[in-house]
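Welcome, and thanks for taking a look at this one with me. Below are my notes, point by point, to read beside the sequence and the model.

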Amino acid sequence: MRHLIAHIALITLAVLLIAFSAFFAWARSRQVILSDEPTSFSRFEPRDTTFDWRAVGRQSYYVNCLNCHGTNGQGWDQYPGLGHAADLLAAPGGRDYLIDVHLYGLTSPRWRAPMPPMGHLADANMAAVLNHMLTNFGNESRLPDGAALYTPDDIAARRGQDLSPSDVNARRPDVPPPGR
């Protein structure tokens, strides 16, 4: 009799565990959302609605570019300096090329390390970091007269082309690369 009660208790426990697991799996698959990320983060964001692209560009550069291109955009070893970006912008096709490098990455025999694609950045962040690059690192004095800075719409228009890093390299304007 003692074994029968133990078996019934064990079976009951197993059924309850299976039922709880099934309920938990169902609840997890429903992913009840009480709030989304932007709503949660908005509580901590400043209420100032002006967009300071310089601050956003500087921050995006520090987070995404600084490790390879250096604090002052000087580059090092296998990573190029960024002081020639104004020359690339001024060349035919250079404006699109700079966006493509950031969206799709770059593999080139000029540099030993490939640049990873940065397509994960929002259009506004990518425009801001490109503008940061063009207005710093010695580029500001060499920008073509009347050159427009990038807007999020410029970035959005270049997305979805499914370019490989080698394809991007083939589109590079004929501008001598900076010395290593």
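Which element gives the largest share of the lining of the largest pocket? That share, four residues, comes from α6. The points below return to this helix after a few words on the model and the chain.

1. **What you are looking at.** This is a predicted model, in which local features need pLDDT of at least 70 and side-chain atom pairs count only at pLDDT 80 or more, while totals for chains, interfaces and linings use all residues. Residues are numbered from 1 along each chain as its sequence is written, and side-chain values use heavy atoms, with hydrogens and water left out.

2. **Overall make-up.** The chain has nine helices and zero strands, so its elements read α-α-α-α-α-α-α-α-α from the N terminus on (helices are DSSP runs of H or I with at least four residues, strands are runs of E with at least two, and numbering starts at the N terminus). Of the 180 residues, 32% count as buried; here buried means under 20% relative accessible area, exposed over 50%, and partly exposed in between, with a 1.4 Å probe and protein chains only.

3. **Contacts and surface.** Take the contacts between residues at least 6 apart in sequence: 72% of them join residues at least 24 apart (a contact means heavy atoms within 4.5 Å). The accessible surface of the chain comes to about 11800 Å², and 60% of it belongs to carbon and sulfur atoms. Such areas come from the Shrake-Rupley method with a 1.4 Å probe, and for residues only the protein chains shown count as cover.

4. **The largest pocket.** Its volume is about 480 Å³. The pocket has 30 lining residues, and the closest to its centre are His69, Pro80, Leu82, Val101 and Met115. Two or more lining residues come from each of α3 (53-64), α4 (66-69), α5 (85-90), α6 (94-104) and α7 (123-134). On a 1 Å grid over the protein atoms alone, a pocket is an open set of points where a 1.4 Å probe fits, with protein on both sides within 12 Å along at least five of seven lines, and lining residues have an atom within 4 Å of a point. Grid points are joined across faces, edges and corners, and the volume is the space filled by probe spheres set on them.

5. **Asp100 and its partners.** The structure holds six salt bridges (a side-chain nitrogen of Lys or Arg within 4 Å of a carboxyl oxygen of Asp or Glu). In one of them, Arg158 meets Asp100 at 2.6 Å, N to O. This pair links helix α8, where Arg158 lies, with helix α6, where Asp100 lies, 58 residues apart. Both Arg158 and Asp100 are buried. Asp100 also forms a salt bridge with Arg171, the closest N and O atoms being 3.6 Å apart. Because Arg171 lies in the segment after α9 and Asp100 in helix α6, the pair ties together parts that are 71 residues apart in sequence. Arg171 is partly exposed, with a relative accessible area of 40%, whereas Asp100 is buried at 2%.

6. **A further salt bridge.** Asp123 and Arg159 form a salt bridge, their closest N and O atoms being 2.6 Å apart. Asp123 lies in helix α7 and Arg159 in the loop between α8 and α9, so the pair ties together parts that are 36 residues apart in sequence. Asp123 is partly exposed at 21% relative accessibility, and Arg159 is partly exposed at 29%. Elsewhere, salt bridges that share partners join Asp96, Asp100, Arg158 and Arg171 into one network.

7. **Leu98.** Is Leu98 buried or exposed? Leu98 lies in helix α6 and counts as buried, at 4% relative accessibility. Leaving out residues up to four places away in sequence, Leu98 touches Ala85, Leu88, Leu89, Leu130, Met133, Leu134 and Tyr150. The C-alpha atoms of Leu98 and Arg172 are 8.7 Å apart, although 74 residues separate them along the chain.

8. **Backbone angles to check.** Most residues other than glycine have a negative phi. Phe137, in the loop between α7 and α8 (152-158), has a positive phi near 65°. Asp162 also has a positive phi, about 55°, and is found in the loop between α8 and α9 (165-170). Asp162 counts as exposed, at 69% relative accessibility.
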